[in-house]
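Open the model in your viewer and keep the selection tool at hand.

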Amino acid sequence: MDPIANPFAPGAGTPPPELAGRDELREEIRIAIERIRLGRPAKSILMVGLRGVGKTVLLERMRTDAERRGTQTLRIEAPEDRSLPAILAPSLRRALRGLAGFANALKVKYADIEVGVDFAPEPGLADNGDLQQDLQALLESAAEAAQKAGTAIAIFIDELQYVKEDELAALITALHRTTQRALPVVLVGAGLPQLRGRMGKAKSYAERLFDFPEIGALPREAAQRAIAKPVRDQGADITADALARIIEETHGYPYFLQEWGKHSWDMARASPIELKDVEKASKAAIAALDESFFRVRFDRLTPAEKRYLRAMAELGPGPHRSGDIADQLRREVTAFGPTRNALISKGMIWSPSHGDTAFTVPLFDQFMHRIMPGDDWRTASG
Ligand SMILES: Nc1ncnc2c1ncn2[C@@H]1O[C@H](COP(=O)(O)OP(=O)(O)O)[C@@H](O)[C@H]1O
Ligand SMILES: [Mg+2]
């Protein structure tokens, strides 16, 4: 069918034609923000889930939802190699500036950090030893300005798992303080599953300040809607068995749904999209994923890291015991400590429980079999 009319949108952070299965969570966020605005307690929310489940697009949708209701929002992506405060501070200042007149009154009070005037990145704030205090002061003054303006500040942060532990601790402490003062500020974050444990390690009371809803594959009905609705919105249709096959192949993972939807549409000569179209599309969809979604992650790995992941893949989708992975490579578990840690900080794997290792990318085990076929990896050095 006409590729120009193809509604599907595979791609990191690319908004889907139908954001299926996330209404409940959007409503939860709406309630939390509105409560905060009224000075009522509500927990901040950190959504955790694997790559490609739709965290980034959900975060952005929640932000536009909140913005439309008059909430002052700011959105950042936690950098892999820079400090969080260095990025958060200018955004907070911009928010303060947005809350205009109120910021002026505060400028006197917080003259030492010059709220609302400076747009340049903040080497001082990021690097000095008082990071915790500075972030807290800035967050409090922004929240006070929001309170005076009768609104709330909602901070949306993506990829939170990359934030260093002391910076996470500073963020948690600052939020703890605004919560105690019933100031209208809430954090809505997203990250890989390891985020939850990292928060607890950074500050033991983090669990009390945050909810950690898990974002995963879509349940059957939502997955079906994610495909069928966009097709029908274009005036076309898809047969029941074709739809069932897409759900089966993708396991309901949002990124894969988009990829299969896109290729099934392109393969079909005419509406409706049929099973044979999906069968042909599967090959193209997998090839496209191998070239993009999987590949960008694979290309960032060292040879030793690739071997480790290949050994994991040999055991199946996981999670796997570290000992079993080491056995595949015929070495002691301790020999792989650094490799495993590096893979965790690159966001490739995580540890669902002590001694267990799992992929953060769905179906990555099958990709590893395709990209490193055969048995050479067992003997290769590196
Ligand atoms: N609820 C959903 N329904 C349908 N497609 C979705 C949904 N959420 C995300 N997607 C699609 O999945 C892909 C990955 O989304 P993204 O937000 O980048 O995932 P993550 O941030 O978790 O890695 C995008 O192509 C997006 O359009
Ligand atoms: Mg993302």
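Select helix 12 to begin: with four residues, helix 12 gives the largest share of the lining of the largest pocket. Keep in mind that this is a predicted model. Helix 12 covers residues 254-267, and helix 2 (55-68) and helix 14 (295-298) also give two or more residues each to this lining.

Next, show the whole lining, which has 35 residues. To find the middle of the pocket, pick Ala-12, Gly-13, Gly-52, Gly-54 and Tyr-255, the lining residues nearest its centre. The space in this pocket is about 600 Å³. Colour the lining by class and you get 17 nonpolar, nine polar and nine charged residues.

Now select ligand 1, which sits in the largest pocket. Around ligand 1 there are 25 residues, and Ala-9, Gly-13, Thr-14, Gly-52 and Lys-55 come nearest. Helix 2 and helix 12 each supply at least two residues of this shell. By class, the shell has 14 nonpolar, seven polar and four charged residues.

Zoom in on the backbone beside the ligand. An oxygen atom of ligand 1 lies 2.6 Å from a polar backbone atom of Gly-13. For Ala-9, the distance from a backbone N or O atom to a ligand oxygen is 2.7 Å, and for Pro-16 it is 3.3 Å. On its own, ligand 1 has 570 Å² of accessible area, and the protein covers 96% of it.

Last, select helix 8, residues 194-202, which gives the most to the lining of the second largest pocket, four residues.

Notes. Residues numbered from 1 in each chain as written. Chains lettered and ligands numbered in written order. Predicted model: local features only at pLDDT ≥ 70, side-chain atom pairs only at ≥ 80, totals over all residues. Heavy atoms only, no water. 1 Å grid on protein atoms, 1.4 Å probe; cavity = no way out; pocket = protein on both sides within 12 Å on 5 of 7 lines; lining within 4 Å. Points joined across faces, edges and corners; volume = space filled by probe spheres on them. Nonpolar A, V, L, I, M, F, W, Y, C, P; charged D, E, K, R; others polar. Near = heavy atom within 4 Å. Polar contact = N/O pair within 3.5 Å; in protein donor to acceptor, adjacent residues only side chain to side chain. Areas by Shrake-Rupley, 256 points an atom, 1.4 Å probe, with all protein chains shown as cover. Sits in = over half its atoms within 2 Å of the grid points.
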